[in-house]
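Biologist: I would like to learn how to read a model like this one. Can you take me through it feature by feature?
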Amino acid sequence: MEPICRIKEIYKTLYQFERIFSERHGLTINEAMLLCCLRDGRPRTAGTLCDFIGLSNPRVSKVITAVENKGYVRREIAPHDKRQMVFSLTDEGRAKIRSVMASGLHCSALFDALRRSMEEA
């Protein structure tokens, strides 16, 4: 298989995984990663969340807004710098990430599908 076709198969496999994940949990992968980043209870700035999730500031802002609108994240003024916002989980957010983690992600099927996509000739 041509490299570009392999890349397309990998993309399709990841897209299918995220679609199923989103249907099951009501979250995108990026939203779940953001909740996961906050699960230790320490408030984080948008910049810290960008670094953890690996997204640009504008994209992380959209993800923050999405989980905030779902009631999973709280936005507050940073106590150490009144110009900055910090984000933390609400009780609902803690319950949601616990639920996602407890459900198991079944990544072995995903990894097998990705491996097959990369190995096909």
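This is a predicted model: local features need pLDDT of at least 70, side-chain atom pairs count only at pLDDT 80 or more; totals for chains, interfaces and linings use all residues.

Biologist: How many residues does helix α1 have, and what does it reach from its first C-alpha to its last?

Modeller: Helix α1 covers residues 3-25, which is 23 residues. From first C-alpha to last it reaches 33 Å, close to the 33 Å expected at 1.5 Å a residue.

Biologist: Which residues of α1 are buried?

Modeller: The general idea comes first. An α-helix has 3.6 residues a turn, so residues three or four places apart point the same way. Now the case here. The buried residues of α1 are T13, F17, F21 and H25.

Biologist: What covers the buried residues of α1?

Modeller: The cover includes α2, α5 (91-103) and α6 (107-119).

Biologist: Step back to the whole chain. What pattern does the protein chain follow along the sequence?

Modeller: The protein chain has six helices and three strands. In sequence order the pattern reads α-α-β-α-α-β-β-α-α.

Biologist: Now the sheet. What is the order of its three strands?

Modeller: Again, the general idea. Strands of a sheet pair through backbone hydrogen bonds, either parallel or antiparallel. Here the sheet is open, its order is β1-β3-β2, and the pairing is antiparallel. The edge strands are β1 (44-45) and β2 (73-77), each pairing on one side only.

Biologist: How many bridges join β2 to β3?

Modeller: Five bridges join β2 to β3 (residues 85-89), and these strands run antiparallel. V73 stands opposite L89 in β3. I77 has M85 of β3 as its bridge partner.

Biologist: And how many bridges join β1 to β3?

Modeller: Two bridges join them, again antiparallel. On this side, R44 stands opposite F87 of β3.

Biologist: Why is β3 largely enclosed by the rest of the structure?

Modeller: Count its buried residues. Four of the five residues of β3 are buried, so the strand is largely enclosed by the rest of the structure.

Biologist: How far is L35 from L114?

Modeller: Their C-alpha atoms are separated by 25 Å, and the two residues are 79 apart along the chain.

Biologist: Last, the totals. What share of the protein chain is buried?

Modeller: Buried residues make up 31% of the 121 residues. The C-alpha atoms fill a box of roughly 55 × 30 × 20 Å along the principal axes. The accessible surface comes to about 7,700 Å², and 55% of it belongs to carbon and sulfur atoms.

Biologist: What about contacts and charges?

Modeller: Take contacts between residues at least 6 apart in sequence: 52% join residues at least 24 apart. As for charge, there are 20 positive and 15 negative side chains. The centres of the two sets lie 3 Å apart.

Methods. Residues are numbered from 1 along each chain as its sequence is written. Side-chain values use heavy atoms; hydrogens and water are left out. Two strands pair if DSSP finds at least two bridges between them. The expected span of a helix is 1.5 Å times one less than its number of residues. Buried means under 20% relative accessible area, exposed over 50%, partly exposed in between (1.4 Å probe, protein chains only). Contact means heavy atoms within 4.5 Å. Accessible areas come from the Shrake-Rupley method with a 1.4 Å probe; for residues, only the protein chains shown count as cover. Lys and Arg count as positive and Asp and Glu as negative; His and the chain ends are not counted. The place of a charge is taken as NZ of Lys, CZ of Arg, CG of Asp or CD of Glu.
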